[in-house]
Amino acid sequence: MEFFVKSGNPEKQRSACIVVGVFEPRRLSHAAELLDETSDGYLSTLLRRGDIEGKVGQMLLLHHVPNVLSERVLLVGCGKERDLTETQYKQIIAKTIATLNDTGSLEAICFLSELHIKGRDSYWAVRQAVEATQDSLYSFDQFKTNKENTRRPLRKLTFNIPSRKELARAELALQHGLAVASGAKACKDLANMPPNICTPLYLAQQAQILDADFEKISTEIIDSEQMAELKMDSYLAVAKGSAHPAYMSLIHYKGGTNDQKPIVLVGKGLTFDSGGISLKPGAGMDEMKYDMGGAASVFGAMKALAQLNLPINVIGILAGAENMPAGNAYRPGDILTTMSGQTVEVLNTDAEGRLVLCDVLTYVERFQPECVVDIATLTGACIVALGHNISALMSPHKGLTHELLNASNQSGDKAWQLPMDDEFQKLLDSPFADMTNVGGRPAGSITAACFLSRFTKNYNWAHLDVAGTAWRSGINKGATGRPVSLLTQFLINRSENETTEANN
Ligand code: BES
Ligand code: MN
Ligand code: ZN
């Protein structure tokens with residue numbers, strides 16, 4: 001799909017379809033009013049007759065509206081003008097795209113990007129529209145013999161904005177939206193891939209493809225033997241029971257100068273988490289192929305970053321491993337010595353993510369990072385606390401927390417901070433080792449973060465638990481592409497700071 005932005009009048013456009021909003025109760029949006037005037041009240045007559053009420057998501061497709069140059073006009077219900085929420089805006093865009101695809105318009109000019117949403121501007125409206133469009137068009141059908149092909153799909157979409165003065169910002173929104181959407185698609189494709197294909201080695205191969213595709217990216221693969229030399233014995237313990245060996249993939253993006261410290265993103269990459277000897281129940285276990293969702297989001301964010309060509313240095317790490325039960329698998333009761341030298345008593349082999357991540361968090365010290373953010377489908381408790389639409393953010397650093405929450409708010413990729421006060425740390429006390437790998441049922445997401453915090457003393461660090469947000473279950477099962485949008489926004493903001501600092 002090709003996207004454009006423009007600032008023009010609906011009645012003057014010659015297109016296959018013009019998309020304009022209608023508010024509840026039976027009120028025309030500004031763009032719809034202009035079409036109404038041109039057509040001598042054609043639209044207001046339809047509204048009076050009750051053809052469309054304006055409820056959120058209602059669609060009415062009109063052909064040959066008098067005096068209008070475009071072939072079709074699509075009226076889209078947008079609810080009460082003042083009450084339009086961000087979520088509704090995205091839903092309306094998605095439904096519009098589905099309707100356009102169903103009704104044979106190869107191109108369209110959409111005036112919904114002119115709708116006003118409290119606290120948001122044209123930049124936001126265009127960027128969200130691009131992201132929502134690409135998200136709604138996504139399907140993972142490479143294993144379907146018969147693919148559902150749209151006969152005449154939408155190919156070209158133009159978003160209109162109210163004022164020419166905002167065109168430059170809208171162009172930037174388009175560019176950002178496209179990069180995020182392509183990163184999110186890469187994230188989804190990787191996360192949806194079945195675990196017999198998407199193994200730790202597959203993650204490494206995907207990372208190498210990024211190296212081939214982008215000049216500023218170079219990929220480095222650390223295999224299990226190298227990890228053993230590095231004494232990453234906690235990470236390796238998790239992978240021991242699997243026939244697929246662990247690989248840690250480092251995606252180096254160099255957009256900044258040599259003296260700029262890198263931002264490090266670490267993604268949990270459990271290509272399948274059976275629980276190991278502490279085996280998970282069978283129902284829904286297939287969804288544990290998504291336990292590499294953190295790594296997939298790092299992969300997606302690195303791709304978005306490379307497309308945006310941002311002037312910063314970033315290292316994205318995919319911490320690949322598979323957690324399986326086997327005769328040689330690690331077991332409850334084992335005591336592991338982590339790369340940091342700290343020892344861990346394993347009480348549950350299903351709390352494996354932190355055992356993988358802790359060694360990676362020690363490993364990254366060598367980069368003297370500007371900051372480190374890990375992204376992990378770490379705890380079921382996170383879903384209990386925040387549900388499926390909000391990621392959990394935990395960090396001992398106020399500045400980094402603020403930056404990430406800000407990026408979350410700007411991108412609409414929701415996150416909420418959970419506390420990680422020192423008093424939670426004692427829940428990890430072990431009679432035999434420096435710590436256990438589980439802190440019990442209460443505050444399960446927080447004790448997991450507390451565990452990780454013990455390996456992050458030498459830099460600024462934040463942890464995102466995306467167990468609830470990385471994928472959807474049920475009839476619409478599939479990866480969501482989150483939190484690629486949040487991460488990319490964080491990197492955009494960082495690069496803007498760099499640029500202003502460089503100019504000062
Ligand atoms: N990958 C899971 C967390 C998870 C569970 C994500 C369900 C999404 C949905 C993680 O490795 C895990 O199994 N965590 C355990 C920790 C427990 C044993 C302390 C959990 O949350 O039950
Ligand atoms: Mn687990
Ligand atoms: Zn897991």
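## A tour from a hairpin to a metal pair

Start by selecting Arg-26: in the hairpin of strand 2 and strand 3, with two residues between the strands, Arg-26 has a positive phi near 50°. Strands here are DSSP runs (E, at least two residues) and helices are H or I runs of at least four, both numbered from the N terminus. You are looking at a predicted model, where local features need pLDDT of at least 70, side-chain atom pairs count only at pLDDT 80 or more, and totals for chains, interfaces and linings use all residues. Residues are numbered from 1 along each chain as its sequence is written, chains are lettered from A and ligands numbered from 1 in the order in which they are written, and side-chain values use heavy atoms, leaving out hydrogens and water.

**Next, strand 2.** Strand 2 is largely enclosed by the rest of the structure, because eight of its eight residues are buried (under 20% relative accessible area with a 1.4 Å probe, protein chains only; exposed is over 50%, partly exposed in between).

- Strand 3 (residues 27–28) pairs antiparallel with strand 2 over two bridges, and Phe-23 meets Arg-27.

**Now the metals.** Select ligand 2, the manganese ion: its donors come from Asp-273 (OD), Asp-350 (O), Asp-350 (OD) and Glu-352 (OE), at 2.0 to 2.2 Å. Donors are N, O and S atoms within 2.8 Å of the metal (3.2 Å for Na, K and Ca), and with water not among the atoms, sites may look incomplete. The zinc ion (ligand 3) lies 3.2 Å from the manganese ion (ligand 2), and Asp-273 coordinates both. The pair links distant parts of the chain: Asp-273 sits in strand 10 (residues 263–273), and Asp-350, 77 residues apart, in the loop between strand 13 (343–345) and helix 10 (353–363). Buried or exposed, which is Asp-273? Asp-273 is buried, at 3% relative accessible area, whereas Asp-350 is partly exposed at 21%.

Key
Two strands pair if DSSP finds at least two bridges between them.
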